[in-house]
Amino acid sequence: SFRGLDQIDQYAHLDLFVKGPLYNALSLIEHEPLGLASAIGISPEKAKGEINGHLQLNFLVEDSLTTNEIDFSLNADLFDVSVENIILGLGIQDGQLGLKISKQGLDLSGDVKLGNIPASLEWRGNFGGEVPYRGRYKINSSIEKIRNLEDLGINTGQIQGNFIEGG
């Protein structure tokens with residue numbers, strides 16, 4: 001909807017419901033002036049999965065619109081997500097996640113596989129210049145086989161046997 005059509009300044013309030021390939025949704029939020037996908041370190045081309053979400057945009061309608069002048073929020077459920085090289089050089093697979101994005105940052109949480117290791121993931125990313133941290137991950141997992149640590153880049157060859165027991 002638009003407000004102020006009889007005024008000097010006009011404002012837009014857009015409610016967009018997004019359902020379909022994750023690539024399409026990430027491409028949408030990557031367009032200028034937002035640039036949100038690259039701001040969180042995700043290339044739309046490297047993301048697979050499905051999204052069901054609600055995007056709200058509020059802004060003054062003008063030619064020189066910048067990201068800082070757009071108030072936005074995205075609340076979405078993500079299904080069957082895989083993204084290459086997203087956490088510590090590793091990809092995630094089989095993600096079933098909840099996503100919230102606003103001008104302040106993003107919150108992503110749910111179940112994924114990191115390598116071959118099932119895990120729960122919480123990711124907080126902050127936007128803006130003066131933030132206490134850019135991004136923080138919390139990953140919880142129970143690793144049943146010691147050899148699966150190699151999926152995380154940990155060489156277990158020298159420590160297995162003498163110091164650690166297990167599959």
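Q: How many helices and strands are in the protein?
A: Two helices and eight strands, where helices (H or I, at least four residues) and strands (E, at least two) are DSSP runs numbered from the N terminus. This is a predicted model, in which local features need pLDDT of at least 70, side-chain atom pairs count only at pLDDT 80 or more, and totals for chains, interfaces and linings use all residues. Residues are numbered from 1 along each chain as its sequence is written, and side-chain values use heavy atoms, with hydrogens and water left out.

Q: And what pattern does the protein follow along the sequence?
A: β-β-α-α-β-β-β-β-β-β.

Q: Which side chains of β3 point to the buried face?
A: In β3 (residues 47-60), Ala47, Gly49, Ile51, Gly53, Leu55, Leu57 and Phe59 are on that face; buried means under 20% relative accessible area, exposed over 50%, partly exposed in between (1.4 Å probe, protein chains only).

Q: What does β3 pair with?
A: Strand β2 (residues 11-21) pairs with β3 in the antiparallel sense over 11 bridges, and strand β4 (residues 70-87) is joined to β3, also antiparallel, by 12 bridges. Pairing requires at least two DSSP bridges between two strands.

Q: Which residue stands opposite leucine 55 in β3?
A: Leucine 16. Glutamine 56 stands opposite serine 73 in β4.

Q: Changing topic, how much of the protein is buried?
A: Of its 167 residues, 33% count as buried.

Q: Is leucine 152 buried or partly exposed?
A: Leucine 152 is partly exposed, at a relative accessible area of 30%, and lies in the segment after β8 (135-140).
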